[in-house]
Amino acid sequence: MYCKCGNIWQVEKGDVLYNEKDDHGKQLSKEAAEHKAEFRVRCHTCENVFCSDCKIEPYHVGFTCQQY
């Protein structure tokens with residue numbers, strides 16, 4: 001996995017936070033929370049946040065790739 005800055009990443013699934021909220025304060029659906037835990041990446045070099053599945057940036061909080 002490459003970031004736009006050229007940094008190389010190995011993506012590992014994080015913890016699923018079922019009580020997490022989106023940017024508007026709405027609680028994430030179970031599917032969206034699980035997707036975020038698996039595919040959301042933040043580059044520690046350039047701080048870019050993106051989806052490692054569909055490559056959309058910034059990451060589509062509250063949606064799976066298909067929903068977005």
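Q: Let's start with one residue. How should I read I56: what is its relative accessible area, and what does that make it?

A: Keep in mind that this is a predicted model. I56 has a relative accessible area of 29%, so it counts as partly exposed. Partly exposed is the band between buried, under 20%, and exposed, over 50%. You'll find I56 in the segment after β2.

Q: Which residues is I56 in contact with, once its neighbours within four places in sequence are left aside?

A: Those are F50, C51 and Y68. Take Y68: along the chain, I56 and Y68 are twelve residues apart, and in space their C-alpha atoms are 9.5 Å apart.

Q: What about N48: is it buried or exposed?

A: N48 counts as buried because its relative accessibility is 10%, and the cut-off for buried is under 20%. N48 sits in the loop between β1 and β2. Its side chain makes a polar contact of 3.5 Å with the side chain of E57. Skipping neighbours within four places in sequence, N48 also touches C3, K4, V41, R42 and C43, along with E57.

Q: Now the inside. Which residues make up the largest nonpolar core?

A: The general idea first: in soluble globular proteins, nonpolar side chains tend to be buried together. Here, the largest nonpolar core has nine residues: L28, A32, A33, F39, V49, C51, Y59, V61 and C65. Two elements, α1 and β2 (49-51), each give two or more residues to this core, and α1 has the largest share, with three. Apart from this core there is another one, of five residues, including C3, W9, V41 and F50.

Q: How do I read the helix, and which residues of α1 are buried?

A: An α-helix has 3.6 residues a turn, so residues three or four places apart point the same way. In α1, the buried ones are A32, A33, H35, K36, A37 and F39. They pack against β1 and β2. Look at F39: beyond its neighbours within four places in sequence, F39 is in contact with F50, C51, S52, D53 and Y59.

Q: Last one: what lines the largest pocket?

A: Rolling a probe the size of a water molecule over the atoms shows where empty space is left. The largest pocket here has a volume of about 150 Å³. Its lining consists of W9, Q10, V11, E12, A37, E38, F39, R40, V41, R42 and H44. Both α1 (30-39) and β1 (40-42) supply at least two of the lining residues. Sorted by class, the lining has five nonpolar, two polar and four charged residues.

Key:
Residues numbered from 1 in each chain as written. Predicted model: local features only at pLDDT ≥ 70, side-chain atom pairs only at ≥ 80, totals over all residues. Heavy atoms only, no water. 1 Å grid on protein atoms, 1.4 Å probe; cavity = no way out; pocket = protein on both sides within 12 Å on 5 of 7 lines; lining within 4 Å. Points joined across faces, edges and corners; volume = space filled by probe spheres on them. Helix = DSSP H or I, 4+ residues; strand = E, 2+ residues; numbered from the N terminus. Nonpolar A, V, L, I, M, F, W, Y, C, P; charged D, E, K, R; others polar. Core = buried A, V, L, I, M, F, W, Y, C linked by side-chain atoms within 4.5 Å. Buried < 20%, exposed > 50% of the residue type's maximum accessible area, 1.4 Å probe, protein only. Contact = heavy atoms within 4.5 Å. Polar contact = N/O pair within 3.5 Å; in protein donor to acceptor, adjacent residues only side chain to side chain.
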